[in-house]
Amino acid sequence: MVSMVSGFFAVFAELLLPGFAVLCRDWPVLQAVATLPLLLLLSYWCCASVFPESPRWLMATSQIRQAKKCLQSFSAQNGMCVSDELYPAETLLSEIDEVFPEDIQPEYHHVVELRHTRVIWKNCLILGFTLFIGTGIQYCFTRNLHIYSPHFYFSYFLRVLTGALACIFLCVSVDRFGRRGMLLLAAIVTGLSSLLLLALTQYLHGGLVLVLSVVGLLSSQALAMLSVFFGSEVMPTVVRGGTLGLIMAAGCVGMAASSLMELQNNGGYFLHHVIFASFAVLSVLCIMLLPESKHKPLPDSLKDGERQRRPPLFLSRISRDNPPLLRTQPHSSEYNRDNYSRLVTATKKMLTKDALPYKISISPQAPLLASNGTAPDANDDSS
């Protein structure tokens, strides 16, 4: 949901851009107005409380001391500190102390390590390919919109509105039908719309061309947004920043291809359309190799990323001829993580106390049986 909210911010910024262009009336002034607010990002380095480091990345790279400080600041700002003296605020980090030793050294990873992997680099390549298609093929659809209105604002605002609709569509459908399925649907609709416009534009009615262009523009923007969102879930935490940078760099190359077509005054448009339509069809086969990240934990290490496998194409069903003899239903687990953490911490405190609150004393008594196996009273009587 946070990724979709950031998508709405991007759409809102594109809606404001023509207004700033009217107010500035000069290209250098508009460029300065759009660039100067980026200087505010420098405050993230100066003030850590404004934009703190990711605790997940700190723990994945074994920076335990920084992770503890970050989590303690989070708990203090959110008011999650427990006031009971038996369970102080430090007990929230007891599980970290159990898992990580005190003398552990940080382990940093780089994007170059992807050459030693088999699954992670394949997922990164496929998602970069789909983002490249989603951004590059949009020119094939917006070019048909100039027929209905010669003004620049018509195609621009229509593209921005379809981006907002694509973002809303992903908010509604991705959690229900899965990331991989919706990415596959967006690639299929994009490829079909592009192929129909490529082969039948001169035979179709003008209204149908407009509908296919809008549908293709909507699906291509959904394909681009979902590729970035899917990459942020599939890529491991230790290399997530670098791999997302590679994926988004491929998207920038696609946008540059569209800009080059406009600079060349539509020269080579047919070849551009053929190449991206073919790539859209090829991406349908590539997306089937991706894993599904719906309702699954984020991978942290490279090993977790390598364990991700694509789901089967067809769900296996139990044969009616060989039903199981006993059908067991899994019982709901009663394990409570917070209570277990508090129990471990309280036990540690009780074991590490020097002086116990009470002392168990055992009074010396005569043994019930002597060494020869007879009771002591019996010996007295016999004597």
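**Aromatic pairs and helix packing**

Let's start with the rings: the count comes to 6 aromatic pairs. The rule takes rings of Phe, Tyr and Trp (its six-membered ring) with centres within 6.5 Å; planes under 30 degrees apart are stacked, over 60 edge-to-face, and the rest tilted.

A word on the model. It is predicted, so local features need pLDDT of at least 70 and side-chain atom pairs pLDDT 80 or more, while totals for chains, interfaces and linings use all residues. Numbering starts from 1 along each chain as its sequence is written, and side-chain values use heavy atoms, leaving out hydrogens and water.

Take Phe-132 and Phe-279. Their ring centres are 6.4 Å apart and their planes are at 55°, so this pair is tilted. Phe-132 sits in helix H7 and Phe-279 in helix H13, so the pair ties together parts 147 residues apart in sequence. Helices here are DSSP runs (H or I, at least four residues), and strands are E runs of at least two, numbered from the N terminus.

Phe-279 is partly exposed at 28%. The cut-offs: buried is under 20% relative accessible area, exposed is over 50%, and partly exposed is in between (1.4 Å probe, protein chains only).

Next pair: Phe-276 with Phe-279. The centres are again given as 6.4 Å apart, but the planes are at 75°, so this one is edge-to-face. Both residues lie in H13, 3 residues apart, about one turn of the helix. Phe-276 is buried, with a relative accessible area of 4%. Phe-129, Phe-132, Phe-276 and Phe-279 form one aromatic cluster.

Now the helices around those rings. Two packed helices are described by the angle between their axes and the distance between the axes. For H7 and H13, the angle is about 145° and the axes are 10 Å apart. Axes are lines fitted to C-alpha atoms over the stretch in contact, and angles run from 0 to 180 degrees between N-to-C directions. The crossing is left-handed, meaning the near helix is turned anticlockwise from the far one by less than a right angle.

Which residues of H7 and H13 make the contact? From H7, they include Ile-126, Phe-129 and Phe-132. From H13, they include Phe-276, Phe-279 and Leu-282. Contact means heavy atoms within 4.5 Å. By class, there are 10 nonpolar, 4 polar and no charged residues. Nonpolar covers Ala, Val, Leu, Ile, Met, Phe, Trp, Tyr, Cys and Pro; charged covers Asp, Glu, Lys and Arg; the others, Gly among them, are polar.

On to the core. The largest nonpolar core has 50 residues, and Leu-183, Leu-226 and Leu-290 touch the most other members. H11 gives the largest share, 10 residues. Such a core is a set of buried Ala, Val, Leu, Ile, Met, Phe, Trp, Tyr and Cys residues joined through side-chain atoms within 4.5 Å. Leaving out residues up to four places away in sequence, Leu-290 touches, among others, Ile-126, Leu-183 and Phe-230.

Finally, the whole chain. It has 16 helices and 0 strands. Of its 383 residues, 33% count as buried.
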